[in-house]
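Look at the model below and follow the text through it one part at a time.

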Amino acid sequence: MNRMNEVAVKSALAPLLCLAALAACAPGGGHPAESQAGSATRTALEESGFQVYFGDLHNHSNLTYGHGSFENALENAAQSLDFFTVTPHALWPDIDQLQGNPELEWVIDYHRTAFVRLRDPRYWANYIEKLKQYNVPGVRITFPSFEIHSLKYGDHVVISKLQDMELPPAGTTVVELRDQVLDAENTIITPHGIGYQSGFRGYDWNYFKEGPQTPFVEIYSRHGGSEGSAGPFGMYHDMGPRDYGGTMEAGLRRGFRFGVVASSDSHAGHPGGFGDGRMAVLARALTRDDIWEAIRERRVYATTGANIRLDFRINGAHMGQAITDGETSRRVIEVAVEGMNQIDYVELVKNGATLHREHVSHTPRHDSGGGPVRAKVRFEFGWNQVSSTDRIGWQGRISLSGGRLLKATPQFRGAPFTSPQRDEGGHVIPWESWVSRITETTANSVAFHAMSESNPAPMHSTTQSITLDVEMKPNDRFIAEVNGQAFSHTLAELLEGSRSRFMRGWLTEAVSFNRAVPESGFMVSFELEDEASREEDYYSVRVRQTDHQWAWSSPIWVGAR
């Protein structure tokens, strides 16, 4: 274990911080879909003044090019996100360099058509007005935005704190936006798709300018992962494979300070979809000022779409901060995670190398005395024949025969589009999105109305799901009434393993109660001590669940005294 043998490790599967209550304690926060029963325990994170809020600041609809209406995108975002934007494509200053290649004519055409449409003053005014309508302080915060492409500088999203954002002149480059055009206090510029090859819309760190206007970079979306060469999620879009030069790891090794986030980059009118990517912030409250302050201070982290809750500190400093060793040069590192499903491991990374990895048993223990057990159960539904183009409507309710439902978290998603879809004749395929909802949550039940499409390939899931956080005795039952059918399973059965059911016979739509995971499987915490390895070290945390949902913290930088 080399370096890991030198750290004093104190760990336990009981949580360092009881993160479960975070959403319930948020002033005016949480969604009706995530309402909680019972009292919430104050947590160390809350006592430091912060809550965890989830959002998506980069996603698309048919506002410019893409699929799914702007209205459905807003509705989908409102079901599960605390803050969000819906992003129109606005500029590509060096698009003329693509001229002369017949294979790219369609790409050039749909971009230029979209840019012209967006600059209609009435069209832009409608965009701003509808975002304002969805902005409800204490419930959800919306931000206007636009995207700018560049072969030279890479792709960026510009996000405004101010609700009345204006478009910059056509042809403006991202460097001109940053240095001459934008209000630096009220805008941020986020590089994304950074893992693509530089010169072909990948990121070039030579143009990075550290500071609060670029507080973070996007390292995960439907395009794949840009953590580093060895990170999970390759890049298989037609924009090309991953190139190390633009990755997060390359930027950190050059000594830059920045946080990390994920966004869906969905082109299907479904912000923050499960598995597509979303970000989290540690903020004092769900207000525009507080979310913006957390963003600018880099108190952010990335997830693949699951609401994994993460608290990571060094000597009391939160993720995103840069600090200096105290008199003793003793670095106390604290990590606490609450997953949405079975955690595989939590890893502490120092200067790009693993410092400590906390593995979690895949057969987690729970109290077998017959008393109440806290567990998380993912109720998943979808499937149907791969060749089917039919959408399946779902309407149902999951009730508990005993115990209580602490929280029901929607894990819905849209179609897996990252660009306009064409038919064999080269025409854009007409396609409209849908809105899935949790319609009611009580102390012991959750009702929902949703849509699903068949999985496009055996290893490519597009199923929908709801995760139930429950406290029940092993013999209490989950009672499902779904699409006119009723069936049930005890918590004891689900702690043993998953249970599935075809709804209309083999090769039709199906449901699955995934295996129930007790607290020892989704709560992890540890504390360790470390010391300086060089003039300034950077630390971060990554979390992997067994369902291949991930989270990545922003770094903490610690300078030697």
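**A walk through the predicted model**

Nine of the 11 residues of α3 are buried, so this helix is largely enclosed by the rest of the structure. The structure shown is a predicted model. A residue counts as buried when its relative accessible area is under 20%. In α3 the buried residues are F70, N72, A73, L74, N76, A77, A78, Q79 and S80. The elements that cover them include β3 (83-84), α5, β12, β22 (404-411) and β23 (437-441).

How far can the prediction be trusted along the chain? The predictor's confidence, pLDDT, runs from 0 to 100. Its average over the protein chain is 90, and 91% of the residues score at least 70. Residues 1-42 have a pLDDT under 50 throughout, and for this stretch the model has 114 contacts beyond four places in sequence.

One of the elements covering α3 is α5, and this helix is taken next. Helix α5 spans residues 121-133, which makes 13 residues. From its first C-alpha to its last it reaches 18 Å, close to the 18 Å expected at 1.5 Å a residue. At its start, a side-chain oxygen of D120 comes to within 2.9 Å of the backbone nitrogen of R122.

Which residues of α5 are buried? They are W124, Y127, I128, K130 and L131. Seen down the axis of α5, these buried residues fall within an arc of 165°, so they line one face of the helix. The reason such a face can form lies in the geometry of helices: an α-helix has 3.6 residues a turn, so residues three or four places apart point the same way. On the face of α5 turned away from the buried side are the exposed residues P121, R122 and Q133. The buried residues of α5 pack against α3 (70-80), α4 (105-118), β5 (141-142) and β6 (145-148).

Now turn to the strands. Strands of a sheet pair through backbone hydrogen bonds, either parallel or antiparallel. An open sheet is formed by three strands in the order β10-β9-β11, with mixed pairing. Its edges are β10 (224-225) and β11 (259-262), each with a single partner strand, so one side of each is left without a neighbour in the sheet. Two bridges join β9 and β10, which pair in the antiparallel sense. In this pairing Y220 stands opposite G225 in β10.

Is S221 buried or exposed? S221 lies in strand β9 (residues 216-221). Its relative accessible area is 5%, so S221 is buried. Beyond its neighbours within four places in sequence, S221 is in contact with S263, S264, D265 and D276.

One of these contacts, D265, is found in the loop between β11 and β12 (278-283). D265 is buried too, at 4% relative accessibility. The phi of D265 is near 50°, a positive value in a residue other than glycine. R298 also has a positive phi, of about 70°, although it is not a glycine. The place of R298 is the loop between α8 (288-296) and β13 (300-303), and at 15% relative accessibility R298 counts as buried.

T214 sits in the loop between β8 (187-192) and β9. With 7% relative accessibility, T214 counts as buried. Not counting residues up to four places away in sequence, T214 touches I189, P191, F208 and K209.

Strand β26 (residues 477-482) has a covered face, made up of F478, A480 and V482, and an uncovered one, made up of R477, I479 and E481. One partner is strand β21 (residues 392-400), joined to β26 by five bridges and running antiparallel to it. L400 stands opposite F478 in β26. Another partner is strand β27 (residues 485-490), which pairs with β26 in the antiparallel sense over six bridges. Here E481 stands opposite A486 in β27. The hairpin of β26 and β27 has two residues between the strands, and in it N483 takes a positive phi near 50°.

Terms used: Residues are numbered from 1 along each chain as its sequence is written. This is a predicted model: local features need pLDDT of at least 70, side-chain atom pairs count only at pLDDT 80 or more; totals for chains, interfaces and linings use all residues. Side-chain values use heavy atoms; hydrogens and water are left out. Helices (H or I, at least four residues) and strands (E, at least two) are DSSP runs, numbered from the N terminus. The expected span of a helix is 1.5 Å times one less than its number of residues. Buried means under 20% relative accessible area, exposed over 50%, partly exposed in between (1.4 Å probe, protein chains only). The arc is that of the directions from the helix axis to the C-beta atoms. Contact means heavy atoms within 4.5 Å. A polar contact is a pair of N or O atoms within 3.5 Å; within protein, one must be able to donate a hydrogen and the other to accept it, and residues adjacent in sequence count only if both atoms are side-chain atoms. Two strands pair if DSSP finds at least two bridges between them.
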